[in-house]
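Here are a few notes to go with the structure you asked about. Keep it open while you read, and look up each residue as it comes along.

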Amino acid sequence: MASLSISLTEQDNTLTQFRNCRVLRSHQLVTDDLWVRDGKIVDPEKVFFDEKRAAHVKIDCHGSIIAPGFIDLQINGGYGVDFSFDVDTVELGVAKVAKGLLAHGVTSFCPTLVTSPPETYHAVLPRISRQPGGRNGATVLGCHVEGPFINTNKKGAHPPECIREFSEGMKTVRDVYGSLENIQIVTLAPEKAGASEVIQELSRSGVTVSVGHSMANLNDGENAVHHGARLVTHLFNAMLPFHHRDPGLVGLLTTDNISEDILVYFGIISDGVHTHPAALRIAYKTHPAGLILVTDAISAMGLSEGRHRIGQMEIEIRTGRAYVAGTDTLCGSIAPMDECIRFFKKASSCSIEYALEAASLHPARCLGIEKTKGSLEYGADADFVLLDDGLNVQSTWIAGECVYRRNGNLIANGV
């Protein structure tokens with residue numbers, strides 16, 4: 001037996017068997033083997049009975065949990081990198097963050113740009129292309145542009161001078177962004193004049209529309225859903241608080257009352273700072289199918305306390321929290337995804353399976369990519385993470401290749 005030191009994708013048709021593990025499949029942890037070939041999860045019955053083949057490589061997982069790789073739909077940067085501010089070096093910045101995320105089990109993500117001037121979008125968006133993951137970092141699914149079509153009264157850390165209106169509908173959107181080619185998600189305030197038509201056109205073009213940074217009432221939110229919006233940006237944060245006469249966007253947790261055919265998802269920051277544990281429990285118990293864990297991480301994730309930048313603004317890290325410099329306004333999380341998962345599980349008392357799917361299957365379904373990402377069903381991409389019972393990341397795999405390992409406890413036995 002020898003240490004696993006070679007890429008499992010170096011040889012065509014290499015069949016790899018992961019043994020002694022618990023696999024998250026169909027919402028359950030089952031004691032089973034995981035089989036991988038050509039970067040995909042394969043059905044072992046077809047291998048046994050149709051091909052009559054044995055594994056080329058067997059890997060002892062030492063009782064670890066195998067879960068789908070995590071998907072972060074909202075992350076502004078990390079490790080000193082800010083996607084909105086570091087314009088001249090954004091390609092290197094995205095690569096640095098993509099590499100760093102592997103240690104936290106993230107195999108796919110949406111680099112997020114906060115409200116910025118048009119020249120920033122024109123310079124940055126063409127340089128953040130969709131790209132597959134691998135040993136160099138997590139998959140880039142497309143950008144999440146959070147603004148600038150938001151409400152000034154709920155701007156949070158976004159610079160008010162950059163906020164825009166839909167003065168000419170989709171023409172304004174295209175003028176501001178320059179191109180929609182590399183955009184996967186747009187966050188906007190649905191109460192803005194002309195928003196409904198923009199939501200409809202963006203949705204038809206394949207962009208996921210999220211409502212947030214908004215003063216919208218419930219009627220505004222439901223109207224947005226009817227026109228194609230399918231996501232709520234960081235629930236409870238930067239929106240009207242729940243009120244019994246008009247619950248605002250929080251009321252979208254009950255979207256089953258709108259239509260049985262529509263499922264609205266909501267991102268929620270489970271970092272122990274942005275959302276109270278009781279609020280996490282309310283969201284989980286009210287609309288579990290739509291809950292998506294997001295980090296909303298900023299450039300200071302992974303850095304020491306002090307002053308840093310996010311977009312056009314200066315921020316400050318104090319006592320493990322990120323604020324707009326000189327104020328007490330929270331402006332983003334510095335907790336990585338695996339930490340958010342652990343905190344959410346503890347706060348909500350949900351099952352291990354649910355906590356893991358809230359960071360994998362749910363975001364994949366929201367983007368419509370659940371056939372390839374976010375699950376370990378046969379035919380899906382072999383993007384997964386090995387964890388211990390405390391949900392600490394032991395290793396991360398993309399397309400069947402080990403791209404991060406915490407220690408050397410994985411053993412391969414060539415057969």
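1. First, a cut-off you'll need: a residue is called exposed when its relative accessible area is over 50%, and buried when that area is under 20%. Keep in mind, too, that what you're looking at is a predicted model.

2. Start with Glu 45, which sits in helix α1, residues 44-51. Is Glu 45 buried or exposed? Its relative accessible area is 52%, so Glu 45 counts as exposed.

3. Now try Thr 107, in strand β10, which covers residues 106-114. Thr 107 has a relative accessibility of 2%, so this one is buried. What is Thr 107 in contact with, apart from its neighbours within four places in sequence? The list includes Gly 69 and Phe 70, Ala 138 and Thr 139, and also Asp 383, Thr 396, Trp 397 and Ile 398.

4. Next up is helix α4, residues 170-177, where Met 170, Thr 172, Val 173, Val 176 and Tyr 177 are buried. These residues span an arc of only 155 degrees around the axis, so they lie on the same side of α4. What do the buried residues of α4 pack against? Their partners are α3 (118-124), β12 (143-146), β13 (183-188) and α5 (195-204).

5. One last thing to check: after α4 comes Gly 178, and its phi is positive, near 90 degrees.

Note on methods
Residues numbered from 1 in each chain as written. Predicted model: local features only at pLDDT ≥ 70, side-chain atom pairs only at ≥ 80, totals over all residues. Heavy atoms only, no water. Helix = DSSP H or I, 4+ residues; strand = E, 2+ residues; numbered from the N terminus. Buried < 20%, exposed > 50% of the residue type's maximum accessible area, 1.4 Å probe, protein only. Arc of directions from axis to C-beta. Contact = heavy atoms within 4.5 Å.
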